[in-house]
Every structure is written in structure tokens, then in C-alpha cells.
Amino acid sequence: MTTGRGLLIDRFGRVHRNLRVSVTDRCNIRCFYCMPAENVPFRPKAELLTYEEITRVVRVAASLGVRRVRLTGGEPLVRRDLPTLVAMLRNVDGLEEVSVTTNGILLADMAGPLRRAGVDRLNVSLDALDAEAFRLITRRGGYERVIEGIDAAIAAGFTGLKVNAVAIKGVTETQAAAFGRFARERDVEVRFIEFMPLDADGSWDRSQVLEAAEIRRLIEAELPPLVPAGRRDAFGPAEVFEFADGVGRIGFIASVSEPFCAGCDRFRLTADGQIRNCLFASNEFDVRGVIRSGECGDRIDTEVAAVLREAVAAKKAGHGIGDSGFAPPERAMYAIGG
């Protein structure tokens with residue numbers, strides 16, 4: 001494969017080593033901060049990249065310095081034979097880590113196959129720890145299945161498992177301490193992610209964001225104090241705390257109130273083959289058209305590399321939430337990829 005040399009560096013000097021790959025825009029729940037309740041406009045399956053096409057893009061990206069790939073959706077586990085894609089990616093030269101973010105509904109059956117295929121890390125999205133609140137957020141049932149999936153992942157040998165909870169005012173306050181206890185009981189890291197303007201209904205408002213300081217106060221009102229544990233990854237988004245007695249970890253991703261854009265090293269490949277350099281990007285860069293152009297192999301790889309460089313070079317300094325001219329992306333979260 002000939003792609004030319006050089007890393008993916010934007011005009012602010014950020015080196016991009018982290019690629020989020022959405023494998024589908026379909027999902028088996030309907031979280032209100034991500035998807036419409038009904039009549040979701042999914043992309044035709046013919047427009048979605050095949051596993052071979054995804055692997056090709058990842059191989060080119062790895063030749064340009066990408067070292068981590070996270071598979072997302074929609075819900076990635078609804079894509080048939082996902083462990084097959086994982087195994088294909090594990091054979092990409094230079095790639096050091098393959099991880100998956102899932103809502104956990106199908107995880108009880110899939111944890112073992114994913115582990116055997118080579119998944120290094122799992123993140124499970126879970127915004128509430130009781131069935132009623134879970135249904136309010138997801139507009140579906142399945143809470144017990146998610147808990148079973150988390151336990152199955154632990155039994156399958158996944159360590160450092162993370163549970164991601166979107167922090168929403170009026171919802172998360174009643175869940176905070178329960179999540180603290182959950183982190184301590186199961187030895188997982190619970191991470192609270194500030195609610196971002198990525199909902200399909202376009203109803204997001206800054207007043208709905210529950211900030212880290214308030215969540216921390218609610219947790220510490222019932223559990224031991226939280227002490228800073230630093231950042232495991234210099235480019236990671238979470239500020240991590242440990243309980244003072246050493247049992248359990250809590251992370252905060254303050255995407256809205258304390259943006260981490262200056263250290264961001266990630267970009268995204270949508271399920272339909274578009275490169276996005278930021279969740280809130282206003283433009284996309286087409287790699288599906290390049291891959292399906294009919295050109296010879298080396299020529300395609302060179303052109304894919306050019307698209308990746310162009311996309312990263314065009315990245316803005318920050319996401320712009322709160323700026324006077326900010327406009328949410330035309331795509332909702334499920335169509336971009338988590």
C-alpha cells in the first residue's frame with residue numbers, strides 16, 4: 001500500500017491517532033438525546049461501508065499514524081458478525097487497540113465472541129440504574145439485559161470496563177450515588193458525560209447540562225470523598241477520580257462546561273463512509289466515493305490518504321458550543337457515531 005508519509009496533523013499541531021468508526025446508524029433503543037422516538041430515517045444498507053471497505057480506510061489511517069480504533073453506532077452489536085470485523089482490524093499493521101462502545105442490550109451473548117476476536121476495551125452506555133428511569137431515557141425496555149451484559153463482559157475477561165452515563169439535569173441527580181455504588185461493587189469506571197447538542201429533535205438547551213461539580217457533590221453526600229486520579233491518557237477526555245478508600249473510580253467528561261478540544265486527537269468515519277473531524281463539524285469528507293470509484297488499489301489508497309489529510313487539516317480549534325454563531329450538526333448522534 002502506497003499512501004505517502006507523514007502523520008495526520010491539523011493546523012493547530014494536534015496529531016490524530018484515534019479514529020472512531022461507526023458501523024451502523026441503526027439501534028435497538030431510542031435515547032431521547034440521540035434519536036427520534038419513531039420513524040427514524042436510516043441510511044439504505046447499500047450506502048453503508050462493508051467490512052472490507054472499513055478495514056481499507058483503517059489500514060490507510062494506520063499508515064498515517066492512527067493507533068486506536070473504536071467501533072460505534074448507532075448500536076454496533078446490531079451489525080451482523082461484528083467479531084469478523086474486529087478480527088480483520090486486528091491484522092492491520094500499526095494498530096494497537098480496538099475497542100467498542102455499546103448500549104449493552106446484546107452484550108451478554110456477544111461479550112465472549114468480541115473478546116476472542118480481539119477487542120481490547122469495552123465502554124457500555126447506561127444512563128440510569130433503575131428500570132423506570134432507563135425506560136424514560138431510552139423509550140424502550142432492556143435495563144436488566146444491560147446489567148447482564150456488563151456482568152458477562154467482566155466474566156469474559158474485560159478489565160478496565162467503563163460505563164458511560166450522559167449527565168442530564170432533572171434525570172441524573174437521582175442516579176449519581178447509585179452509579180457511585182455501582183462503580184465500587186463491580187470495579188468499573190463510571191464516567192459522566194455532559195449532555196451535548198446532538199439530539200435528533202433539536203431541543204437541547206444549556207440549562208439541561210448537569211455539571212461535574214454537582215454530580216460529585218451528590219456522590220460524596222452518600223459515599224466516601226473522591227480524590228483526583230489524573231488522566232490515564234494524556235489525550236483522553238475524562239478527568240478521573242478515585243474514592244478515598246481506593247474502591248471505585250468515577251470520571252467526568254465536561255464536553256460543554258470545560259471543553260478538551262485543545263488536546264483532541266480523534267476524528268470519525270461514519271457508517272456511510274464520510275470523514276468528520278469533529279462531532280460538531282459542519283462539513284464531511286467522502287471516502288466511500290473514493291473507495292467505490294473503480295480505480296486500481298494503490299491509487300485508491302493514495303486518494304483515501306489525501307481525504308484523511310484534508311479532513312484533519314480542516315479541523316477547527318474547538319467545537320464552538322456557546323459561541324454566538326454555533327449551530328448544531330445536521331446529523332444527530334446516532335447518524336454520526338458515538
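Start by selecting helix 3 (residues 107-117) and helix 5 (residues 143-155), which pack at an angle of about 20° with their axes 7 Å apart. Here axes are lines fitted to C-alpha atoms, for helices over the stretch in contact, and angles run from 0 to 180 degrees between N-to-C directions. Helices (H or I, at least four residues) and strands (E, at least two) are DSSP runs, numbered from the N terminus. That angle makes helix 3 roughly parallel to helix 5, a label for angles under 35 degrees.

A word on the model: it is predicted, so local features need pLDDT of at least 70 and side-chain atom pairs count only at pLDDT 80 or more, while totals for chains, interfaces and linings use all residues. Residues are numbered from 1 along each chain as its sequence is written, and side-chain values use heavy atoms, with hydrogens and water left out.

Now show side chains. L107, A108 and A111 in helix 3 meet E148, G149, I150, A152 and A153 in helix 5; contact means heavy atoms within 4.5 Å. The residues of this contact divide into 6 nonpolar, 1 polar and 1 charged. In this scheme Ala, Val, Leu, Ile, Met, Phe, Trp, Tyr, Cys and Pro count as nonpolar, Asp, Glu, Lys and Arg as charged, and the others, Gly among them, as polar.

Which residues meet here, from helix 2 and from helix 3? Select L82, P83, V86, A87 and R90 in helix 2, and M110, P113, L114 and A117 in helix 3. By class, this contact of helix 2 with helix 3 has 8 nonpolar, no polar and 1 charged residues.

Next, go to helix 1 (residues 51-63), whose end C-alpha atoms are 18 Å apart. Its buried residues (under 20% relative accessible area, 1.4 Å probe, protein chains only) include Y51, I54, V57 and V60. The buried residues of helix 1 pack against several elements, among them strand 2, helix 2 and helix 9 (297-313). Just after helix 1, click G65, which takes a positive phi of about 105°.

Finish at T72, in strand 2 (residues 68-72). T72 counts as buried, because its relative accessibility is 1%. Leaving aside neighbours within four places in sequence, T72 is in contact with V21, S22, V23, T24, T101, G337 and G338.

Methods
Buried means under 20% relative accessible area, exposed over 50%, partly exposed in between (1.4 Å probe, protein chains only). The expected span of a helix is 1.5 Å times one less than its number of residues. Angles under 35 degrees count as roughly parallel, over 145 as roughly antiparallel, 65 to 115 as roughly perpendicular and the rest as oblique.
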